[in-house]
Structures are given as C-alpha cells and as structure tokens.
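Here are my notes on the model you asked me to look over. I've kept them to a few numbered points.

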Amino acid sequence: MHISLSNLAFKTPQLFPLHQPIFPPKLLHHQVSTQSHVNVLKGSGYLSEISKKIDNEEQYRIARSQVNRKVLDLEGYSIEGLSVGGQETCIIIPEFKCNFDIGRCPSRAINQNFLFITHAHLDHIGGLPMYVASRGLFNLKPPTVFVPPCIKEDVEKLLDIHRTMGQVELNAEVVALDVGETYEIRNNLVVRPFRTQHVIPSQGYVVYSIRKKLRKQYAHLNGKQIEKLKKAGAEITDTILSPEVAFTGDTTPDFMLDPCNSDALRAKILITEATFLDDSFSIDHARQRGHTHLFEIIANAEWIRNKAVLLTHFSPRYTIEDIRQAASKLQSRLSAKVVPLTEGFKSMYT
Ligand SMILES: [Zn+2]
Ligand SMILES: [Zn+2]
C-alpha cells in the first residue's frame, strides 16, 4: 500500500468573495502605495500597474493555499477533507470530482461536481446550502447531490427555504439513490449505495471503475480476427466493475456483516468511522449512538479486505496523539493499512 502525506500544487478557482486573501505586510504596503499614486499614474498605464499587483496577490494566495493543503495519497487517490465527530465531515476525492458528506463547506469541496450524502445529521449535511450557493456564485455547473430516498423531499424543502429567505437561485440536481441502484457518474465510473446502520436512516456509497476485458474464449485470436468479430456484431468483451472507494458515513460495524456489502469491504479504499477509541467509552456506548468503537474494528478485522482503510469521525475529545496511539494498537495486519484522518484535531502540545 502506498501512503504519503503531501502538499501538492493545484489550481484553485477564483474564490475571492468567500475567502479574504492573507497578504504579507510587504504586499499590503505596496497595495496602499499603489492607491496613493493612482492620480500620478492616471493616463500613464496605472491600470496595468494595478493589474500587476492583483496578479501578485493572486499568486501569493494560491501559494498559501498550496502550503496549507493537506492531501493523503492512498492507493492512487488523493484524498482531502476532514471529519470530526458531531462537528463536520467532508471527504473530497478530486479524481471522482466528488465529496462524501458536507457538514460545513470546505473551500476545496466547492470544486467537486458530485456530492454523496450518507444521512441527515447536521455534521454531514449542514454545509449543503452553502455548497450549492458557492457553486452558483462561481458560475460552476449545478452540482448533482445524491441522497437516501427517504430524505429527498426534505432536502428539496430545505433548499426551497433558503431560496425564499435569501431570494437567491440555488441550482442543484437532487437525486434519490437507493441501495441496490446504480448511477453512472461518467462513462468509466458508477456509484452504488449500500446499507449502513445508524440511529437515523443512512447509507454508504461504493464508487466503481468500469473497464472492458476481452472475453476468455477470444483470448487466442489476433487483432484482425477480433476486428472481424467486432464488425460482425459479436459481443467480444465483458464489463468489469472494480470497487475503488467505499464511504460508510456514520454506522455501527454491523454493516460489515451484511453479505450485500462485500464490495465495500473489498474496495481498494474503505473510508469508515471509529468515533470512540479507548476504554473511556464502552462498545455499548458507541452502539447506542449508532457508531463504531475502534475495538470493534479490531474484532471484525477478518472481514476487512481493503488495501487501505481511512479511519474518520473521531470524537472531538481526542487529541492527535490519542488517535495515533489508539491506531498503533491495531493488529499488525490492520495497522499496516489503516490511516487515521487527524485533520481538524488538536495536538496536546498546542
Ligand atoms: Zn456524524
Ligand atoms: Zn450521524
């Protein structure tokens, strides 16, 4: 398994209205002096001077965001976002142009065209109106928002209330996607919800890649023969669905015992939760709240066939050190592939 934490260069959209750029003192000084010389510069190219300053500031802003951007490279996917139990969960996978849940609305989430909502707790859906509004503000195409069918009507109502209150257009396609259904998000990528177990209706999602593979019975043929068969209208390929990433949202570990969920447990990456980590809270405490205790992940290790497991949604009472220490207690065959998402947590040293 390849895991690394890196700060990667990327292009951000123009996000000025929501984000005040943080200018270094030097630039601020230049900005002021530019303004004080406006009259002098008038008629002698001052506009190009100003646009040069704006370019500098934009470059500085992009450089800052690159330094601050934290990306987890897991199995060929660059995963961003944060997940703090009860506060906010949003996992971003740029390769799929998608977000899983949107408790608040991190700026990187705005770029993604698809949003998959697991359930209606505020720490997973609270950022939805802001996400839709921000995409409109930046002239990005209306997002497609997938929700469990039982909340679709309420999600539409929620957006309607914001349209009325704010007198704004909020354009989004809200799609009710049920367990067992398949949706093609692009020609080589589909998504399927799967059942999870939480205190309110919930579902996870598996994203599959699709590829065509030559049927075994034609494997011995050469290119010309295959071409001939194709022209004759023969079906020469099989469609292979490979589960790439599974996201559970909030759930007890019982989802692992459902035979229909085997794809979630063999996807390259499983993103799941471990809200409680140690003896200060019992497994019963976690179960009553529809969550997973780390001890239960240990107990169910045999079902986890994924190449990488990203653990999320830790209770905010834990520090980064608590989380790392708890993860280090996993059995060796699990610890090699488990990565805790500590973004958004405090260190005991700060
Ligand atoms: Zn939650
Ligand atoms: Zn929840």
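**Notes on the predicted model**

1. Let's start in the sheet: β13 and strand β14 (residues 308–312) run parallel to each other, paired over five bridges. Two strands count as paired if DSSP finds at least two bridges between them. Within this pairing, Leu270 stands opposite Val309 in β14. Strand β12 (residues 237–247) also pairs with β13 in the parallel sense, over three bridges, and there Val245 sits opposite Ile269 of β13.

2. How many residues of β13 (residues 269–273) are buried? Five of its five. Ile269, Ile271 and Glu273 cover one side, Leu270 and Thr272 the other, and all are buried. Buried here means 20 or more other C-beta atoms within 10 Å of the residue's own (exposed is 12 or fewer, partly exposed in between), with C-beta atoms placed from the backbone.

3. Ile271 turns up again in the largest nonpolar core, which has 68 residues: Leu115, Phe116, Val206, Ile271 and Leu310 touch the most other members. Such a core is a set of buried Ala, Val, Leu, Ile, Met, Phe, Trp, Tyr and Cys residues joined through C-beta atoms within 7 Å. Beyond its neighbours within four places in sequence, Leu115 contacts Cys98, Asn99, Ile102, Tyr131, Pro143, Val145 and Phe146. A contact means that the two C-beta atoms, placed from the backbone, lie within 7 Å.

4. Helix α6 (residues 152–166) is another story: the count of buried residues among its 15 residues is one. Its length checks out, because 15 residues at 1.5 Å a residue should span 21 Å and the end C-alpha atoms are 21 Å apart. The expected span is 1.5 Å times one less than the number of residues. Just after α6, Gln167 has a positive phi of about 50 degrees.

5. For the whole protein chain, I get 12 helices and 15 strands. These are DSSP runs (helices H or I, at least four residues; strands E, at least two), numbered from the N terminus. Buried residues make up 33% of the 350 residues. Of the contacts between residues at least 6 apart in sequence, 63% join residues at least 24 apart.

6. On confidence: pLDDT, the predictor's confidence in each residue from 0 to 100, averages 86, and 83% of the residues score at least 70. Residues 3–43 stay under 50, and the model has 48 contacts beyond four places in sequence for them.

7. Housekeeping: residues are numbered from 1 along each chain as its sequence is written, while chains are lettered from A and ligands numbered from 1 in the order in which they are written. As this is a predicted model, local features need pLDDT of at least 70 and side-chain atom pairs count only at pLDDT 80 or more, whereas totals for chains, interfaces and linings use all residues.
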